[in-house]
Structure formats: C-alpha cells, structure tokens
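Subject: Structure for you to look at, with notes on its pockets

Dear colleague,

I am passing on the structure we spoke about, and my notes on its pockets follow below. Please keep it open beside this message as you read.

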Amino acid sequence: MDKALYVAMTGARASLQAQGTLSHNLANTDTPGFKEALANTEAFPVRGQGFASRVDALHVDAGFNRRQGAQQITGNPLDLSLQAGNWLAVQSPQGEGEAYTRGAALSLTPNGQLVTAGGHAVLDDNGNPIAIPPHQAMEIGNDGTISIVPLGEGPQTMAMIGRIKVVSAADERLQRGLDGLFRNNDPQQPFVQAQGKSLESGQLEGSNVDAAGALVQMIQLQRQYEMQVKVIKHGDENARSANSLLRLNG
C-alpha cells in the first residue's frame, strides 16, 4: 500500500510543479520575445536494497518552445524583431558574461545607455555595453548597425557609431536561466555574429505562448492532481481498515 501512496504523492508533486511552469507562461503572454517553457514528467525508479518496485514521477525541464511569436508593428525604431535563429546579446546581471534574449523592446537610459525592457545593457559586436551620444535622429539597420545624426547637425552628417551584437545560435545550445535570459551551454564554443539581414526595426516579436492551450493544460493538470490526492486518501483509508482488521484478529 505504501508503494501506491508513494507513486501518487510524487505524481501530485510533479503536477504542482508543471502547474507552476504553466502559470509562468500565462504571466508572460504579453512579454515580447518570450519563449514558452515546457514541462514534462518521466519515470524514475528508486534504487536501494531489495526489489526496485518503487517508481518516482519526476518533473523535468523540457526546455522551451522554439516557435516564433506573432509580429507586431510598432513604428518605434528602438523596437526590434530578430530573424529566426538570431538572439540579442545583453550583459548578464551577474556579470559572468553575456546572455541572450529575443525580447528586443529597447530604450535609452538618461545617460544614453541602450537597454532592454528588463534593464539589461545591450552589447555591441565587441562585447561592450552600447552608449548612444546626444542625437536628434537615430536609425538601426537590418544588420544591427546604429547610425545617428548628432545633436544640432543636419541629416547629411548621419554616421554609424556601432553595431548591436546579434548572434546566430542553435536552440539546443541555449539554456534558460532563472532570470529569464538564455546562455550558451557550451562556453568553449562562443556564438558568432549574425551576418547580413538579422533584424527588423519598428516591430516586435510577440510571446509564443498559446494562452487558450495553456489554460486547457492547467485544467488537465488540476484534474490529475485531484485524482492523485484521491488515491492518497483512499490508500490511507485502506491502510486504516487493514490495521483495524489486524487488531481484531490479534
């Protein structure tokens, strides 16, 4: 009987963890460039003395959904939509190197630093944070180059001042961190700068979370959790009944 209780308990725990992943996805349905987190379970036999008859229902991180989100035209030159397979390089908040995101709704701080919506500094093709001098016009080219018209100058003075670091990265080489940013899971093989047309200015990639599908999954997980709790309850009742019979027979 304890085996049934153990399997139901670990299943209920995995269902709760999967619900947490779905709640995180639903909370980011309006986050530009967000990639849906995937959750799964696998059977994990418990090792030890005796016959291996106990099996744990183990929650596993299944990575993220690679599908691109819908394109949203904004007209804001600081809103960028990256081509498939490309990622924007930003400064890691922990300072251990660069991280990557597809959420490219950029803005300028009062001191001219180019940052993402999350406040992460955008890097140039040399790996340095980008600072924009005072200007009256700015353009970001499809190859990531940044050009400005200096303050008080005419349009004929427009000049390139840097290039945003946009890398080409295979999805299987990326791992999402707790801060929502992605990192290279093989730092010995750094990503290379994307060549040619790598982005579009004036539009954003939306979240790829299917809100309706996530709600259906949430209901399914809730039903699974309720079923697993019922198994635990019935197992406990059966154990109590068995103990009562043993006392009577004793």
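What volume does the largest pocket have? In this model, which is predicted, the largest pocket has a volume of about 800 Å³. Its lining is made up of 37 residues, and those closest to the centre of the pocket are Phe 34, Arg 176, Asp 179, Gly 180 and Leu 181. Sorted by class, the lining of the largest pocket holds 14 nonpolar, 15 polar and eight charged residues.

The second largest pocket contains about 330 Å³ of space, and it is lined by 19 residues, among which Ala 18, Ala 39, Asn 40, Gln 217 and Leu 221 lie nearest its centre. Here at least two lining residues come from each of helix 1, strand 1, strand 2 and helix 2 (211–249).

Which element gives the most to the lining of the second largest pocket? That element is helix 1, which contributes seven residues. As for the classes of residue, the lining of the second largest pocket has eight nonpolar and ten polar residues, together with one charged residue.

With best wishes

Note on methods
Residues numbered from 1 in each chain as written. Predicted model: local features only at pLDDT ≥ 70, side-chain atom pairs only at ≥ 80, totals over all residues. Heavy atoms only, no water. 1 Å grid on protein atoms, 1.4 Å probe; cavity = no way out; pocket = protein on both sides within 12 Å on 5 of 7 lines; lining within 4 Å. Points joined across faces, edges and corners; volume = space filled by probe spheres on them. Nonpolar A, V, L, I, M, F, W, Y, C, P; charged D, E, K, R; others polar. Helix = DSSP H or I, 4+ residues; strand = E, 2+ residues; numbered from the N terminus.
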